[in-house]
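Let's take a look at how the side chains pack inside this protein. Have the sequence and the 3D view ready.

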Amino acid sequence: MFDHAHYVPILRWKRGERLALCYLTPEISELITPLIEIVPKAVVRENSLGKLAIGDKLLEATAKDIFEHWGQRPFFLDLILLDPILRSFSKLHPLEVLGREGRRNGLWMVPVTGLWRDDAYQSAAKALVRQDQRGLCIRIHRKDIEQQDFKHHLTRLCSNFSLRYSQIDLVIDYQLIDKEVPNIAKIMKRIPQLQQWRTVTFICGTFLKYVSALEKNEQHTLPRTEWLAWREQIVAMPQGLRKPSYGDYTVQYPLYEPVRSGPPHISASIRYASTDYWVIMRGEDIFNPDGPGHQGYIGNAMLLIEREEFCGEDCCYGCAYIQRMAAQAEETGNPGTWILAGISHHLTTTARQIANLSVTSVTDEP
């Protein structure tokens with residue numbers, strides 16, 4: 001499907017993420033294969049017995065949403081965030097329902113599984129692989145790789161699906177970089193039959209859990225450690241060792257956090273990707289009765305467009321939105337529209353960086 005000059009962002013299927021994909025230019029869309037995670041809030045409801053279940057109609061709507069926002073381009077689909085005991089109202093596994101609706105909508109969907117998914121999930125994934133003939137994506141995490149018998153478990157999973165390595169996309173999801181930057185070359189050497197996988201992607205993230213940890217009413221910069229680590233290591237990777245493609249969690253915290261109970265605490269902040277770092281315009285709590293409320297977004301947008309990192313309204317949907325909002329005072333937007341702007345710009349910036357790095361690497365070869 002693709003080589004290392006490609007971008008695999010992990011996107012939780014919320015409104016901001018959906019629209020961010022939809023507003024990408026065709027040029028950028030060709031450089032991206034998203035890994036989409038379905039969030040519980042989108043599909044889980046109470047059934048007639050008052051028990052939690054997954055709505056068939058909601059799954060049908062999800063498949064239509066993916067088609068409307070991403071079309072028939074390839075993507076990976078993972079239900080890892082859903083409680084494994086939940087079934088749809090029709091008693092089917094939700095992956096089966098999404099597979100059926102994906103076929104109705106002509107989606108190019110590759111199901112994602114992992115080493116320790118339950119039997120029902122694996123059976124549903126096998127059914128999709130068998131019916132759609134588009135292969136499989138295996139997503140492994142740091143704790144998987146660190147196990148002594150990791151290769152055995154990975155090889156056995158491939159065998160259970162009766163697939164060749166050339167039919168499987170491997171995603172190494174390191175998740176949150178906390179203390180130590182991962183050694184990508186060392187990790188790649190632990191992968192059996194490295195050259196034979198259809199694609200190999202390394203994903204990790206460092207974005208803050210809450211921007212409220214930053215001083216309010218200030219402009220902050222935070223290093224894009226995951227991007228810097230991949231870029232530097234991919235260039236220095238030993239000759240002959242397969243280079244993985246790049247993935248991240250955009251401007252979101254890598255570990256999924258369910259919606260917090262209690263009163264919301266959301267600041268009028270903007271997240272903006274620059275070449276090697278993020279610019280974060282940290283505003284005040286929009287629900288603070290003594291603060292500027294949503295108007296804080298406008299003030300931060302006006303400050304951001306004056307910074308040298310701002311790429312101009314022609315860069316992407318996100319930049320055009322920031323420029324437009326800074327030029328008026330009536331609209332303020334809301335947390336969702338500003339997350340959309342941040343993700344839109346991040347996707348465009350990162351996809352271009354990867355493509356440009358690939359061109360430079362090829363040009364520099366003797």
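## A pair of rings

Start with Trp227: this residue is buried, at a relative accessible area of 1% (buried means under 20%, exposed over 50%, partly exposed in between, with a 1.4 Å probe and protein chains only). Tyr246 is buried too, with a relative accessible area of 1%. Keep in mind that this is a predicted model: local features need pLDDT of at least 70, side-chain atom pairs count only at pLDDT 80 or more, and totals for chains, interfaces and linings use all residues. Residues are numbered from 1 along each chain as its sequence is written, and side-chain values use heavy atoms, leaving out hydrogens and water.

Rings of Phe, Tyr and Trp (its six-membered ring) pair if their centres lie within 6.5 Å; planes under 30 degrees apart are stacked, over 60 edge-to-face, and the rest tilted. That rule gives twelve aromatic pairs. In one of them, the ring centres of Trp227 and Tyr246 are 5.4 Å apart and the planes are at 85°, so this pair is edge-to-face.

There's also an aromatic cluster, made up of Tyr23, Tyr297, Tyr317, Tyr321 and Trp338.

## Charges over rings

A charge sits over a ring if NZ of Lys or CZ of Arg is within 6 Å of the ring centre and within 35 degrees of the ring normal. Arg134 lies over the face of Trp108, 4.3 Å from the ring centre. Lys126 does likewise with Phe161, at 5.7 Å from the ring centre.

## Around Ile140

What is Ile140 in contact with, leaving aside neighbours within four places in sequence? With contact meaning heavy atoms within 4.5 Å, the partners of Ile140 include Leu115, Phe150, Leu170 and Asp173.
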